[in-house]
Amino acid sequence: MRIAHTKHLLVAAALAASTAATAGNPEPRRFCSDSLVRGTYAGQLQGKVRLPDGTTAAEIIGVVIRLYDGQGGVVQWDSVKNSASGYVPNRYGTGTYRVNDDCTLDVEFQPSPTTKIVERAVIVDEGRELRSITVDPPTLWVTSVQQRI
């Protein structure tokens, strides 16, 4: 009996030590690269855009097809609609992206010659899905979800 009780105590102590050791330490960092995001992605976007008068925000929705080349280049076609200026179909844009070691994604692209957009995204499911927010320009508040197709 005493041996069985001692074994149970040793197992419990080992589990407690293991839990305590991992509780204070963050998960090990994952290392990702540009090649993780490669191929054609389809997505939907929605958000708001501040109008030039600065006092109102228009709702914006859209769909997008993006082709990531696996080496930091991106091409996209989108169709967007906002509640102020209406529907803009088939905008073409190009840009660059960088996959960070922590599996986040920075995208910089131009959907038109006078517009530059910067996004920050997280990579989900080994690159099968991307979830992003627009960080620049500050007048554009848009989120998107893209899935590899």
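I started at the pairing of β1 with β8 in this predicted model. I counted 9 bridges joining β1 to strand β8, residues 140–148, and the two run antiparallel. I then looked for a residue pair there and found Tyr 41 opposite Arg 148 in β8.

β1 and β2 make a hairpin with 6 residues between them. In that turn, Gly 54 has a positive phi of about 75 degrees.

I moved along to β3. This strand spans residues 73–82 and pairs with β2 over 9 bridges in the antiparallel sense. For Arg 66, I noted Gln 76 as the bridge partner in β3. The β2–β3 hairpin leaves 3 residues between the strands. Its turn holds Gly 70, with a positive phi of about 80 degrees.

Then I sorted the faces of β2, residues 57–69. The covered face has Ala 58, Ile 60, Gly 62, Val 64, Arg 66 and Tyr 68. On the uncovered face I listed Ala 57, Glu 59, Ile 61, Val 63, Ile 65, Leu 67 and Asp 69.

Last, I traced the whole sheet. I found 8 strands closing into a barrel, in the order β1-β2-β3-β4-β5-β6-β7-β8, with antiparallel pairing. The twist averages 25 degrees from one strand to the next.

Conventions
Residues numbered from 1 in each chain as written. Predicted model: local features only at pLDDT ≥ 70, side-chain atom pairs only at ≥ 80, totals over all residues. Heavy atoms only, no water. Buried < 20%, exposed > 50% of the residue type's maximum accessible area, 1.4 Å probe, protein only. Helix = DSSP H or I, 4+ residues; strand = E, 2+ residues; numbered from the N terminus. Pairing = 2+ DSSP bridges. Axes fitted to C-alpha atoms, helices over the stretch in contact; angles between N-to-C directions.
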